[in-house]
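Please look through the structure below with the following note beside you.

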Amino acid sequence: YSVTMSLTMRQTIAEIVRERSRFVKVPAIVGSLVIGAGVLATYAFSDYLSQRSSDEFQVQTDEQAMIIANRIESKTAELEQILFILSAYSRLQPDMDRERWGQFIKESDILNRHPYILGIGYIDVILPEQLPEYTEAAQAQTPGFAIKPSGEREMYAAIRYLEPETEINKNATGYDM
């Protein structure tokens, strides 16, 4: 009897182990599949969010660039109008002097309406043969006037008057642009 029971017990234990290992393997496989699917889903979702974020950033960057470009274009148009006005005024005043230039800038209120403008200059174009006479006349109005930097060139475009008359702007007078 003991041998038979022993054999039957062995078979039963073997079946339990076989059955148990099947029950152990199925959850492990299912668990591994679930974890693998979760990792893949997380990666796919992360990639989707990354791409979406990148696309949104690009759209925002493009919008900001457009806003900046429009502002630059608007300011450029304003400055162009100011230059046209100043050019027309200087043509109407062939004998421009510091007082007239300063008075026009003050009355036009350009500097108050456009606070980003640091100075408005009146520039003379001078040929090399006109330089001694020009310098002498400029020094009569503004003692110490000199064209900077010194040196010979085909043409000079010197700042004659610069409003407002701040210390920095006074130092720029005579600069050959």
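The numbered points below go from the overall layout to single residues.

1. **Basis of the note.** This is a predicted model, in which local features need pLDDT of at least 70 and side-chain atom pairs count only at pLDDT 80 or more, while totals for chains, interfaces and linings use all residues. Residues are numbered from 1 along each chain as its sequence is written, and side-chain values use heavy atoms, with hydrogens and water left out.

2. **Overall layout.** The chain contains five helices and two strands, and their order along the sequence is α-α-α-β-α-β-α. Helices (H or I, at least four residues) and strands (E, at least two) are DSSP runs, numbered from the N terminus. Of the 177 residues, 20% count as buried, where buried means under 20% relative accessible area, exposed means over 50%, and partly exposed lies in between (1.4 Å probe, protein chains only). The chain exposes about 13,700 Å², and carbon and sulfur atoms supply 61% of that area; accessible areas come from the Shrake-Rupley method with a 1.4 Å probe, and for residues only the protein chains shown count as cover.

3. **The largest nonpolar core.** A nonpolar core is a set of buried Ala, Val, Leu, Ile, Met, Phe, Trp, Tyr and Cys residues joined through side-chain atoms within 4.5 Å. The largest one here has 12 residues, among them Ile82, Leu86, Tyr89, Trp101 and Phe104, and the elements that give two or more residues to this core are α1 (2-92), α2 (98-108) and β1 (120-126). Leaving aside neighbours within four places in sequence, Tyr89 is in contact (heavy atoms within 4.5 Å) with Met96, Arg100, Trp101 and Phe104. Apart from this core lies another, of eight residues, including Leu131, Ala138, Phe145 and Ile147.

4. Which residues of α4 (residues 131-141) are buried? They include Leu131, Tyr134, Thr135 and Ala138, and, seen down the axis of α4, the buried residues fall within an arc of 95°, so they line one face of the helix. The arc is that of the directions from the helix axis to the C-beta atoms. These buried residues pack against β1 and β2 (156-163), whereas Pro132, Glu133, Glu136 and Ala140, on the other side of α4, are exposed.

5. **A nonpolar patch on the surface.** Phe45, Tyr48 and Leu49 form a nonpolar surface patch with about 320 Å² of accessible area together. Patches are made of residues with over 30% relative accessible area and no salt bridge, like charges being joined within 9 Å and nonpolar side chains (Val, Leu, Ile, Met, Phe, Trp, Tyr) within 5 Å. Leu49 lies in helix α1 and, at 39% relative accessibility, counts as partly exposed.

6. **Salt bridges.** The structure holds five salt bridges, each defined as a side-chain nitrogen of Lys or Arg within 4 Å of a carboxyl oxygen of Asp or Glu. One of them joins Asp124 and Arg160, whose closest N and O atoms are 3.1 Å apart; Asp124 lies in strand β1 and Arg160 in strand β2, so the pair ties together parts that are 36 residues apart in sequence. Both Asp124 and Arg160 are buried. Another joins Asp176 and Arg153, with the closest N and O atoms 2.4 Å apart; here Asp176 is buried at 9% relative accessibility, while Arg153 is partly exposed at 27%. A further bridge, between Arg52 and Glu56 (3.2 Å, N to O), lies within helix α1, and its two residues are four apart, about one turn of the helix.

7. **Backbone points to check.** Most residues other than glycine have a negative phi, and most peptide bonds are trans. The bond joining Lys148 and Pro149 is cis, with omega about -10°, and Pro149 is found in the loop between α4 and β2. The bond from Glu163 to Pro164 is also cis, with omega near -5°, and Pro164 is placed in the loop between β2 and α5. Asp109, a residue other than glycine, has a positive phi near 60°; Asp109 is found in the loop between α2 and α3 (110-113).

8. **Asn169.** Is Asn169 buried or exposed? Asn169, in helix α5 (residues 167-172), counts as buried at 8% relative accessibility. Beyond its neighbours within four places in sequence, Asn169 is in contact with Leu118, Gly119, Leu162, Glu163 and Pro164.
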